[in-house]
Amino acid sequence: MDQLALLFVLLLGAVVSVPVGDRFGLPAPVLMTLLGIVLAVLDFVPNVEVPPDLILPLLLPPLLYAAVRRTSWRQFAANVRPIFLLAVALVFVTTICVAAVAHTIVPGLPLAAAVALGALVAPPDPVAATAVAGQLGLPRRLVSILEGEGLFNDVTAIVLYHVAIAAAVSGSFSPWRAGLDLVLSAVVAVVVGVALGWGANRLLDVLGDTTLQIGLTLLVPYASYVLAEEFHGSGVLAVLTTALFLAEYATDPDDVLTRLAGHTFWDIIDTLVTGVAFGLIGLELHNAIRTAAGRWEEMLGWAGVIVAVVVVVRLLWLMPATWLTQRLHARKDHLEDIPTNWRETVVMWWSGMRGVASVALALAVPLKTDDGGPFPERDVIVFIAFGVIMATLVLQGLTLPWLVKRLGVQADTGREKEFEKELAVRAATAAKKRLREIESEEDLSEELAEQMLRRAFDIGLRISPDVGEDERREGHEQRVRRLKRVRRIQNEMLSAARHEVVAARNETGADPEIVDRVLRHLDVRSLR
């Protein structure tokens with residue numbers, strides 16, 4: 001098996017792991033990691049030859065962009081305090097604790113190298129956490145916090161990592177210089193992200209064509225990452241800034257085709273890249289195994305201690321941080337997404353899985369220092385990092401569904417339905433308001449006006465059938481049945497039309513491009 005065949009195996013696994021995970025209630029990223037581990041121990045499977053400095057630029061930008069599409073800037077702004085406590089403060093605390101313990105128990109490990117180890121194992125993976133949480137039906141507030149933590153903690157951890165690596169390689173360290181680098185990295189990233197987001201937004205308007213617009217959205221996160229890194233900024237923060245800008249300002253409510261195609265495209269990209277990323281985590285296990293040759297007992301002991309530190313520190317931090325956030329939350333008018341009881345706090349604690357960023361940073365540890373000597377205890381750092389990744393990703397990922405079920409932590413479906421109903425009412429009201437404006441401008445017959453009014457009500461009813469309880473209570477059930485029947489008949493009519501058009505594609509003289517264009521119109525009509 002060569003490298004290309006291995007890539008196709010990972011891509012196929014990424015597709016198959018989704019229904020398999022749904023069938024057995026297991027997270028797809030964890031299944032892909034297990035697949036990678038199995039492939040890593042097979043003799044005929046080659047070692048992965050991806051340069052470590054390319055793992056983050058290749059995998060992280062599309063994953064971050066896809067994750068940001070599911071959230072919004074307003075959501076981040078409303079939850080800045082809990083996100084800050086997890087994404088920034090907890091990363092610092094974890095880094096310090098891991099560095100202190102590693103420096104103490106590992107002979108010959110300098111403090112700067114220990115800090116690098118702490119930084120690369122500190123950030124929970126945004127993709128693993130959100131993928132696992134999304135499949136388990138957790139309360140939306142917990143998913144929001146995990147998404148915010150996962151998206152922003154890489155920024156803090158990667159900057160800390162680079163500062164520590166520079167200190168270990170050069171042999172000198174300046175706290176003031178490190179702090180300045182952290183601030184400048186963030187400022188540069190935000191400037192690049194906003195500028196690129198603004199430029200991409202303008203270019204999307206110029207392109208017009210749906211295919212070209214979606215193609216541009218694939219290039220934008222890579223451009224943002226590379227450009228920010230080129231100016232010594234945080235590529236991760238730049239991608240987040242660009243994605244949030246486009247999500248806020250590049251949305252055209254009337255561009256139905258682009259929105260539908262864009263969602264489908266990014267769902268595909270998210271599934272494939274996530275599968276490959278976590279498959280690579282399992283495949284890279286051979287690097288960790290190779291480094292432990294002859295030192296298994298002591299290195300496993302060190303890795304076990306660091307795993308315990310990472311897990312315990314997260315729990316000890318979450319308990320008072322959640323309590324403090326709840327106390328401050330009670331004094332504020334607006335709502336924050338926070339855990340409301342100890343069960344939700346425990347689920348958040350056990351959701352702290354490490355992943356892609358930790359692997360890339362571990363493999364990117366330099367081989368030599370500036371004076372030509374070997375990087376101090378590099379093999380130990382790589383082995384411990386993989387120990388933390390495997391323990392948190394596989395062990396916690398496989399047991400999280402059981403823990404969630406055991407604690408009974410589930411989404412508040414009643415609240416979600418109520419919000420959906422509220423949006424349905426607002427949508428129907430907006431449609432009726434526009435109808436009244438049209439009636440004042442145009443001469444509509446009484447029959448047409450009544451028909452349009454019914455359709456305005458149908459807009460809300462199709463979103464949430466419960467809207468009928470507030471309006472036209474009498475006959476609600478009959479009307480819902482009628483709408484379902486009309487919808488069924490309409491779907492059957494459109495299905496017959498699609499079959500006829502598809503059959504015409506094989507007729508002599510038929511132009512496939514025109515057939516596909518007509519079929520696309522029918523497809524869009526079927527979704528309305």
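Reader: Which residues does Ile 384 contact, leaving aside its neighbours within four places in sequence?
Author: Contact means heavy atoms within 4.5 Å. Once the neighbours within four places in sequence are set aside, Ile 384 is in contact with Val 106, Leu 117, Trp 302, Ala 303 and Ile 306.

Reader: What kind of model is this?
Author: Residues are numbered from 1 along each chain as its sequence is written, and side-chain values use heavy atoms, with hydrogens and water left out. Local features need pLDDT of at least 70, side-chain atom pairs count only at pLDDT 80 or more, totals for chains, interfaces and linings use all residues, and the model is predicted.

Reader: How many helices and strands does the chain have?
Author: Both are DSSP runs, numbered from the N terminus: helices are H or I with at least four residues, strands are E with at least two. By that count the chain has 21 helices and zero strands.

Reader: What share of the 528 residues counts as buried?
Author: Buried means under 20% relative accessible area, exposed means over 50%, and partly exposed lies in between (1.4 Å probe, protein chains only). Of the 528 residues of the chain, the buried share is 46%.

Reader: Among contacts between residues at least 6 apart in sequence, what share joins residues at least 24 apart?
Author: Start with the contacts in the chain between residues at least 6 apart in sequence. Those that join residues at least 24 apart make up 79%.

Reader: Is H5 parallel or oblique to H6?
Author: Helix H5 (residues 80–105) and helix H6 (residues 111–121) have axes that come within 7 Å and cross at roughly 135°. Axes are lines fitted to C-alpha atoms, for helices over the stretch in contact, and angles run from 0 to 180 degrees between N-to-C directions. Angles under 35 degrees count as roughly parallel, over 145 as roughly antiparallel, 65 to 115 as roughly perpendicular and the rest as oblique. So H5 to H6 is oblique.

Reader: Is the crossing of H5 and H6 left-handed or right-handed?
Author: A crossing is left-handed if the near helix is turned anticlockwise from the far one by less than a right angle, and right-handed if clockwise. Where H5 passes H6, the crossing is right-handed.

Reader: How does the contact of H1 with H12 divide into classes?
Author: The axes of helix H1 (residues 3–24) and helix H12 (residues 256–283) come within 8 Å and cross at roughly 115°. The crossing is right-handed. Among the residues that meet are Leu 6 and Val 18 in H1, with Thr 271 and Leu 283 in H12. The division is 11 nonpolar, three polar and no charged.

Reader: Is Gln 213 buried or exposed?
Author: Gln 213 sits in helix H10 (residues 210–230). Not counting residues up to four places away in sequence, Gln 213 touches Leu 204, Leu 207, Gly 208, Asp 255 and Thr 258. At 9% relative accessibility, Gln 213 counts as buried.

Reader: What distance separates the C-alpha atoms of Val 309 and Ala 102?
Author: Val 309 is in helix H14 (residues 296–330) and is buried, with a relative accessible area of 15%. Val 309 and Ala 102 are 207 residues apart along the chain, yet their C-alpha atoms are separated by 9.8 Å.

Reader: Is His 232 buried or exposed?
Author: His 232 is in the loop between H10 and helix H11 (235–249). His 232 is not a glycine, but has a positive phi of about 65°. With a relative accessible area of 70%, His 232 is exposed.

How values were computed:
Ala, Val, Leu, Ile, Met, Phe, Trp, Tyr, Cys and Pro count as nonpolar, Asp, Glu, Lys and Arg as charged, and the others, Gly among them, as polar.
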